[in-house]
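Welcome! Please take a look at the sequence and the 3D view below, and then we can walk through some of what they show.

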Amino acid sequence: MSSGWSLWVMFLVVLNLGITFFLYLWGPRVKIPTLPDGTSGHVWAHGTLREGIRPLPRWWLALSGAMFIAGVAYLALFPGFGGFKGLLGWTSHGKLARDVAANGVKLDELMKRFSLYPVEQLAGDPEAQQLGTVLFRDNCAACHGREAKGNVLLGAPDLTDNDWLYGGDGKAITTSIHDGRAGVMPPWSSLGEDNVKNLAQYVLSLSGSPHDQARAAAAKPLFATCAACHGAEGKGNQALGAPNLTDHIWLHGGSVADIEETIRNGRQGHMPVWSPRLSDEQIHVVAAYVYHLSHPDDAARQ
C-alpha cells in the first residue's frame, strides 16, 4: 500500500472511531424534550401507542464500551490501520505459509507410508482413498467426471467398471497417469459407405446386440482388416489400447450411428501426461484410488 493510500485509510479510521466515541459519550447525556407523561409526543394507532423516553441500559453501555476498546486493540495488534503492520507482526501470507508448511510435514509422513505399499494394497487404505479423491477431482474429473463414470463425448473411459484399454493392474494404471496415452482409430471411409454400415452391424453382432444379420455376414471378411488391432474375435488388445468389442462397454457410444461414425471417420483418444503436474508419490496415490474405484470389494475384504 502506498503512503498516500495508507494516510487516507488512517484518516477514515480515526474519523469513524472519533465519531463513534463522541456518540458513545454524548448519547447517555443528551437531553430529549419530553411531555409531562414521560413520552416524546410521537403517537401511532390514533394515540394508542406512544413513544417513551428511557435512558440507555447500563449493560448496553458496558458492552458498547468493551467493543470499542476491542476494536482499538485489534488495530494496534493486527494490520488494518493503513500501512501499520500491527504490534504482533501477523500477516495472512505468513499464516498461510505456516499452515502449508505444517500440512506439508503431515503429508510427507503419509506419502512415505503410502510408498511402502503396491497400488493394489494401497487401494484399500482409507487415508489413501481420501487423498486420492481430492487429487482425482482436482486433476482428472474434468474428463472422467467427478464420480469417474467417464464421458462419451470426450472418449474418456468409465473408471468404475473393470474394462481397461491399457490394462487395469497397478503398474498399467500408474503408467497411464504418469506417461499418458495416445489412442488412434484410423478412418475407414475408403471402404465405402455400404461397407461402413455393414461393419457397424458386424461390430454389434460381436457383443450380442440387436443387429442386421445379412449386413453383419457381408462384413465378416472385411473385419480381417480390423483384427490387426482388435483381434480376430474382437477381444481387443491392451498393448495397443484397442478396445474389446465383444462386451457392452462403448468408449464413444454404442448406437448404430456412433459406431458408424467411429468406423467412417476414426477416433482420436488422448490421455495427457501428468508427471509434470503431479509428483510420483501423488501419481501412486491417484493410481491406487482409480484401482479402488473398480475393485471396491477388495477394500471390504481387508
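## An aromatic cluster

Tyr74, Phe78 and Trp90 form one aromatic cluster. This is a predicted model, in which local features need pLDDT of at least 70 and side-chain atom pairs count only at pLDDT 80 or more, while totals for chains, interfaces and linings use all residues. Residues are numbered from 1 along each chain as its sequence is written, and side-chain values use heavy atoms, with hydrogens and water left out.

The structure holds seven aromatic pairs. In one of them, the ring centres of Phe78 and Trp90 are 6.1 Å apart and the planes sit at 80°, so this pair is edge-to-face. Rings of Phe, Tyr and Trp (its six-membered ring) pair if their centres lie within 6.5 Å; planes under 30 degrees apart count as stacked, over 60 as edge-to-face and the rest as tilted. Both Phe78 and Trp90 lie in the loop between α2 (58-77) and α3 (92-114), so the pair ties together parts that are twelve residues apart in sequence. Helices here are DSSP runs (H or I, at least four residues), as are strands (E, at least two), numbered from the N terminus.

Buried means under 20% relative accessible area, exposed over 50%, and partly exposed in between (1.4 Å probe, protein chains only).

## A neighbour in the loop

Lys85 is also found in the loop between α2 and α3. With 65% relative accessibility, Lys85 counts as exposed. Leaving aside neighbours within four places in sequence, Lys85 is in contact (heavy atoms within 4.5 Å) with Phe78, Pro79 and Trp90.

## Salt bridges

Side chains of opposite charge can pair when their charged atoms come close. A search of the whole structure finds eleven salt bridges, each a side-chain nitrogen of Lys or Arg within 4 Å of a carboxyl oxygen of Asp or Glu. Asp37 forms one with Arg50, their closest N and O atoms being 2.7 Å apart. Asp37 lies in the loop between α1 and β1 and Arg50 in strand β2 (residues 49-52), so the pair ties together parts that are 13 residues apart in sequence. Asp37 is partly exposed at 42%, while Arg50 is exposed at 52%.

Within helix α3, Lys95 and Asp99 are four residues apart, or about one helical turn. They form a salt bridge whose closest N and O atoms are 2.7 Å apart. In helix α8 (residues 193-206), Lys197 and Glu193 are likewise separated by about one helical turn. Salt bridges that share partners join Glu193, Lys197, Glu260, Glu261 and Arg264 into one network.

## Ser40 and its contacts

Ser40 is found in strand β1 (residues 39-44). Its side chain makes a polar contact with the side chain of Glu51 at 2.5 Å, and the Ser40 side chain reaches the backbone nitrogen of His42 at 3.3 Å. A polar contact is a pair of N or O atoms within 3.5 Å; within protein, one must be able to donate a hydrogen and the other to accept it, and residues adjacent in sequence count only if both atoms are side-chain atoms.

## Inside helix α7

Which residues of helix α7 (residues 170-179) are buried? They are Gly170, Ala172, Ile173, Ser176 and Ile177. What covers them includes α4 (119-122), β3 (181-185), β4 (267-271) and α12 (280-294). Just after α7, Gly180 takes a positive phi of about 75°.
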